[in-house]
Amino acid sequence: MPDHVDTTTRRITGTPKIAVTRHLMPSIEHRMSELFEAELNTGDIPFSRDQLAAAMSDIDVLVPTVTDRIDRELIEKAGDRLRLIANFGAGTDHIDLAAARDRKIMVTNTPGVFTDDTADLAMQMIIGVPRRVREGISLVRKDKWTGWAPSGLLGRQIGGKTLGIIGMGRIGQAVAHRARAFGLKIAYHNRHRLPLAVETMLGAEFYDNQDDLIASADIVSLHCPATEKTIGFYDERRFGLMKEGACLINTARGDLVDQEAMIAALESGHLVGAGLDVYPDEPTVDKRLIAHPNVMTLPHIGSATVEGREASGEKVIANIRFWADGHRPPDQVLDALVR
């Protein structure tokens, strides 16, 4: 236990030393520099594994992002001073929570602030893929558009179609709320069924069996976390269950999808298109996806708004301050019990 922790109050005496792994909004970095002894990454070059290990050797708080893989080995080798991992972002699948618990390191995140931003982007692709928007933009930019024609670049209406949402947490519900306004029928699968009042508000039908949901949907949108049970769950068999001409939207995690199976379904025409903001080997995007005329390939920008990133940074600061003062952080994911 570091000597600047008061064991009677759990307060840190002095200024917490923190390491931030990526360049955050200037207003957030300025505030962090005022409040903490902050090591910032203003160059925004992702930390190597060695740099992460070095940063974790002599700090009180690590502020990582989704691009940082904080595994058991790194956590076990971290200095005794590290007692809080204050993640910038809602997802924590890049952090080994069991290892953090074993080392009595608390973990916090920033839930809720990216809900609307990610749902907006998903909705853009839910509309854009059936309407072949990417293909249309390409025609105009390559000067290959020959003018309006009654049968030119025909897409599909989304009104009256079924949107299958896998993962009905905050973002899934926000997508359902938006999609209903466009006349889509909402079906969903979730680990736990939503209360009847929420289902009624969203006009959502629950499917206990996700295979049945996939088979009935015209558009499938993924909004579940990457876990041992969900990584690669959308495989060749499940693509085969999809309707001929259906499309897949993924703004959650690239690891949820068997990419080779998805590409095969796209190239065969069974899958009419896809909207992707995440990939299994980021920042690498498979050239076959880029070449496909009706795959919208976005660079992981679901949360990329000024407002969202500032709100996430403010949550990180609040979590650190609550922790340093000996109080329970508002966005605690993992309680370390003791420092």
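In what order do the 7 strands of the open sheet with parallel pairing stand? The legends below take up this and other close-ups of a predicted model.

**Close-up A. The parallel sheet of 7 strands.**
The strand order is S8-S7-S6-S9-S10-S11-S12. The sheet is open, and its pairing is parallel. Strand S8 (204-206) and strand S12 (295-297) stand at the edges. Each has a single partner strand, so one side of each lacks a neighbour in the sheet. From one strand to the next, the twist averages 20 degrees.

Strand S7 covers residues 185-189. S7 and S8 run parallel and are joined by 3 bridges. Tyr188 has Phe206 in S8 as its bridge partner. S7 also pairs with S6, again in the parallel sense, over 5 bridges. Here Leu163 stands opposite Ile186 in S7.

**Close-up C. Strand S6, buried or exposed?**
S6 is mostly covered, with 5 of its 5 residues buried. Thr162, Gly164 and Ile166 point one way from the strand. Leu163 and Ile165 point the other way. Residues on both sides of S6 are buried.

**Close-up D. Strands S10 and S11 with helix H11 across them.**
S10 and S11 pair in the parallel sense. The pairing runs over 5 bridges. Asn250 stands opposite Leu276 in S11. S11 is mostly covered: 5 of its 6 residues are buried. Helix H11 (residues 259-268) lies across strand S10 (246-250), strand S11 (271-276) and S12. The angle between H11 and S11 is about 135 degrees.

Gln259 is found in helix H11. Its relative accessible area is 15%, and Gln259 is buried. Which residues does Gln259 touch, not counting those up to four places away in sequence? They are Pro280, Asp286 and Leu289.

**Close-up F. The mixed sheet of 6 strands.**
This open sheet has the order S2-S1-S3-S4-S5-S13. Its pairing is mixed. Strand S2 (37-39) and strand S13 (332-334) are the edge strands, and each pairs on one side only. On average, neighbouring strands of this sheet are turned by 25 degrees against each other, direction ignored. Within the sheet, strand S3 (residues 61-63) and strand S4 (residues 84-86) pair in the parallel sense over 2 bridges. The bridge partner of Leu62 is Ile85 in S4.

H13 lies across strand S1 (17-20), S3, S4 and strand S5 (106-108). The helix runs at about 160 degrees to S4. H13 also packs with H1. The axes of helix H1 (residues 26-35) and helix H13 (residues 306-324) come within 9 Å. They cross at roughly 15 degrees. Angles under 35 degrees count as roughly parallel, so H1 is roughly parallel to H13. The crossing is right-handed.

**Close-up H. Residues between H1 and H13.**
On the H1 side, the contact involves Ser27, Ile28, Arg31, Met32 and Leu35. In H13, they meet Glu310, Gly313, Glu314, Val316, Ile317 and Arg321. The contact of H1 with H13 divides into 5 nonpolar, 2 polar and 4 charged residues.

**Close-up I. Helices H5 and H7 crossing.**
Helix H5 (residues 115-128) and helix H7 (residues 170-181) pack at an angle of about 50 degrees. Their axes are 9 Å apart. At that angle, H5 is oblique to H7. H5 passes H7 in a right-handed crossing. H5 contributes Thr115, Asp116, Thr118, Ala119, Asp120, Ala122, Met123 and Ile126 to the contact. H7 contributes Arg170, Ile171, Ala174, Val175, Arg178 and Ala179. The residues of this contact divide into 8 nonpolar, 2 polar and 4 charged.

**Close-up J. Lys144 in a loop.**
Where is Lys144 found? Lys144 is in the loop between helix H6 (133-141) and strand S6 (162-166). At 55% relative accessibility, Lys144 counts as exposed. Lys144 and Lys315 are 171 residues apart along the chain. Their C-alpha atoms are separated by 48 Å.

Key:
Residues numbered from 1 in each chain as written. Predicted model: local features only at pLDDT ≥ 70, side-chain atom pairs only at ≥ 80, totals over all residues. Heavy atoms only, no water. Pairing = 2+ DSSP bridges. Helix = DSSP H or I, 4+ residues; strand = E, 2+ residues; numbered from the N terminus. Axes fitted to C-alpha atoms, helices over the stretch in contact; angles between N-to-C directions. Contact = heavy atoms within 4.5 Å. Parallel < 35°, antiparallel > 145°, perpendicular 65-115°, else oblique. Left-handed = near helix turned anticlockwise from the far one by under 90°. Nonpolar A, V, L, I, M, F, W, Y, C, P; charged D, E, K, R; others polar. Buried < 20%, exposed > 50% of the residue type's maximum accessible area, 1.4 Å probe, protein only.
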